[in-house]
Amino acid sequence: MNIYDTIVQIIVFWLGAAIGSFLNVVVYRVPAGLSILWPPSRCPKCFHQLGMGENIPILGWLLLRGKCRHCRTPISPRYPLIEAITAIIFVLVYNRYGLSIQTVGYSLLMCWLLALILIDLDTMTLPNPITQSGLVLGLAFQATAGFLDQRAILGSKEYFIQGILAMVIGIWIYDAIQIIGSIMMGQLAQGGGDAKLMAMIGAWTSWKVVLLAGGMASALALVGFMAVAGYSMIKHGGNAGANQLTQPLPLGPFIAVGATIALFWGDSLIESYQQFMMSPDRYILAVPLLIFLSVLLVWTRKMRLRSL
Ligand SMILES: [Zn+2]
């Protein structure tokens with residue numbers, strides 16, 4: 001790594017941290033129906049406006065030791081954490097795609113996904129203004145990438161059409177997840193926003209990423225579901241664990257994380273899957289895995305029925 005690259009990495013990191021700071025505002029204000037531009041960042045308790053030093057991402061919180069300078073109200077460590085996570089994501093995207101339109105596009109997609117994950121966890125909704133603006137921006141990104149990419153066989157129009165196609169496939173995959181999920185586990189979290197989220201991811205990427213994201217999201221949701229049920233069973237006993245399974249689980253975060261994995265590691269995942277399918281001992285590994293998954297599914301299904 002040379003000095004030039006180190007400087008670019010540092011700039012990318014701080015750019016990510018600053019945008020993460022803005023995402024905190026979006027996540028807090030959009031579900032509440034407040035303006036994201038006015039007023040500037042302030043303490044939610046005493047409305048003291050943050051000064052220059054206090055507004056620095058990550059460091060501002062550390063300097064204040066997590067408290068408002070005026071009224072000493074604790075400020076959640078979630079804010080600097082989101083800033084740090086955004087900064088790390090920006091560096092990861094830059095290292096994957098270099099100085100290119102893809103880095104700009106996928107960094108923006110990650111911002112939209114991160115905001116949607118947090119809002120879904122907070123409020124169990126995916127606000128239309130965010131999914132819809134993300135969808136339009138995704139198609140604009142595809143058209144721009146096609147226009148700028150000289151090596152590509154596809155032109156701007158083809159990229160745009162690819163985005164629209166993946167969008168439609170995204171909605172279909174979401175419907176498929178809903179139907180299969182309902183058959184296997186009883187009820188699933190019903191959210192119109194989730195289908196829009198899948199469409200938005202499609203608009204930014206390709207049908208391959210959407211397919212993989214859907215598969216990853218289902219697998220992650222299943223594991224998350226088991227973890228939540230298992231945790232509350234250990235903590236509150238069997239009936240509480242069964243009760244927990246009737247609670248709707250927000251699917252948005254799983255879809256967003258699935259899409260991120262598909263975008264970063266999709267190629268190598270498909271490659272190792274193909275290698276696995278060609279290896280002679282695939283049955284030795286696949287059969288126990290299938291049995292394990294079936295037992296887990298039957299167990300959750302039973303737990304659900306018992307608690308209904
Ligand atoms: Zn205050």
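Author: Happy to. A crossing is called left-handed if the near helix is turned anticlockwise from the far one by less than a right angle, and right-handed if the turn is clockwise. Please keep in mind that this is a predicted model.

Let us take α4 as the part to look at. This helix covers residues 101-123 and packs against α10, residues 252-278, with an angle of about 155° and 8 Å between the axes. Angles over 145 degrees count as roughly antiparallel, so α4 is roughly antiparallel to α10. With the definition above in hand, the crossing of α4 and α10 is a left-handed one. On the α4 side, the residues that meet α10 are Y106, L113, L116, I117, D120 and L121. They face G252, P253, A256, A259, T260 and L263 of α10. Sorted by class, this contact holds nine nonpolar residues, two polar ones and one that is charged.

The other partner to look at is α5, residues 128-148. Here α4 packs at an angle of about 170°, and the axes lie 10 Å apart. The two helices, α4 and α5, are therefore roughly antiparallel to each other too. From α4, the contact uses I101, Q102, G105, L108, L109, W112, A115 and L116. From α5 come I130, G134, L137, G138, F141, T144, A145 and L148. By class these residues divide into eleven nonpolar and five polar, with no charged residue.

Helix α1 (residues 3-29) packs on α3 (residues 78-97) at about 135°, their axes being 7 Å apart. That angle makes α1 oblique to α3, and the crossing of these two is right-handed. In α1 the contact residues include Q9, V12, F13 and L15, while those in α3 include Y79, I82, E83 and A84. This contact of α1 with α3 has 15 nonpolar, six polar and one charged residues.

Now the backbone between helices. Most residues other than glycine have a negative phi, and most peptide bonds are trans. The peptide bond from W38 to P39 is cis, with omega near -5°, and P39 lies in the loop between α1 and α2. In the loop between α2 and α3 you will find R65, which has a positive phi of about 50° without being a glycine. R72, found in the loop between α2 and α3 as well, has phi near 65°.

Finally, the wider setting. The chain has eleven helices and zero strands. Of its 308 residues, 32% count as buried. Among contacts between residues at least 6 apart in sequence, 70% join residues at least 24 apart.

How values were computed: Residues are numbered from 1 along each chain as its sequence is written. This is a predicted model: local features need pLDDT of at least 70, side-chain atom pairs count only at pLDDT 80 or more; totals for chains, interfaces and linings use all residues. Axes are lines fitted to C-alpha atoms, for helices over the stretch in contact, and angles run from 0 to 180 degrees between N-to-C directions. Helices (H or I, at least four residues) and strands (E, at least two) are DSSP runs, numbered from the N terminus. Angles under 35 degrees count as roughly parallel, over 145 as roughly antiparallel, 65 to 115 as roughly perpendicular and the rest as oblique. Two residues are in contact if their C-beta atoms, placed from the backbone, lie within 7 Å. Ala, Val, Leu, Ile, Met, Phe, Trp, Tyr, Cys and Pro count as nonpolar, Asp, Glu, Lys and Arg as charged, and the others, Gly among them, as polar. A residue is buried if 20 or more other C-beta atoms lie within 10 Å of its own, exposed if 12 or fewer, and partly exposed in between; C-beta atoms are placed from the backbone.
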